[in-house]
Amino acid sequence: MKKTLTTFSSSETENCGYELAKTLKKGDFVAMFGDLGVGKTAFVRGMARYLCPDARVQSPTYTIVNEYRGDVPLFHFDMYRVDGEETLYATGFFDYHDRGVCVAEWCENIAEYIPENSVYVEIKKDADAENENKRTISIEDKR
């Protein structure tokens with residue numbers, strides 16, 4: 001199933017993540033794609049608001065993974081600096097998959113390691129003269 005949404009603010013992008021999170025369960029993987037500054041972390045913030053309401057979501061750029069505690073834990077990865085399988089093993093990436101919901105930003109860098117039955121989220125900046133915050137979000141559920 002694939003759907004496309006349009007948002008006009010960071011809070012609307014966050015709400016899309018919140019709605020997706022309602023469909024997720026332990027063991028699910030969300031692969032995120034999109035350029036720098038398109039709203040990937042805002043989308044994850046929405047996911048965390050549903051799954052781990054007390055979490056303070058920040059981009060895991062320097063830590064590779066942030067763990068958020070909730071009834072279903074959320075593991076938030078940033079794959080921007082990942083350059084192959086060795087780096088993925090070093091981060092413990094493969095050990096997280098069954099412990100909660102995993103969401104990874106910059107999946108362009110790990111395309112061959114994305115689990116088969118994943119949810120794919122692509123966010124594109126679609127700004128125009130009327131709204132510089134316009135985004136197009138494509139969600140493809142392959143579970």
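The model is predicted; local features need pLDDT of at least 70, side-chain atom pairs count only at pLDDT 80 or more, and totals for chains, interfaces and linings use all residues. Residues are numbered from 1 along each chain as its sequence is written, and side-chain values use heavy atoms, with hydrogens and water left out.

Helices (H or I, at least four residues) and strands (E, at least two) are DSSP runs, numbered from the N terminus. Seven strands form an open sheet in the order β1-β7-β6-β2-β5-β4-β3. Pairing is mixed; two strands pair if DSSP finds at least two bridges between them. β1 (2-7) and β3 (65-68) are the edge strands. The twist averages 15 degrees from one strand to the next. Axes are lines fitted to C-alpha atoms, for helices over the stretch in contact, and angles run from 0 to 180 degrees between N-to-C directions. β2 and β6 pair in the parallel sense over four bridges. Phe33 faces Glu122 in β6.

Helix α1 packs on the sheet and touches β1, β2, β6 and β7. Contact means heavy atoms within 4.5 Å. The direction of α1 makes about 150 degrees with that of β1. Helix α2 lies across β2, β4, β5, β6 and β7, at about 170 degrees to β5.

Among the buried residues are Phe43, Val44, Met47 and Leu51. The buried residues of α2 also pack against α1 (10-21).

Definitions and conventions
Buried < 20%, exposed > 50% of the residue type's maximum accessible area, 1.4 Å probe, protein only.
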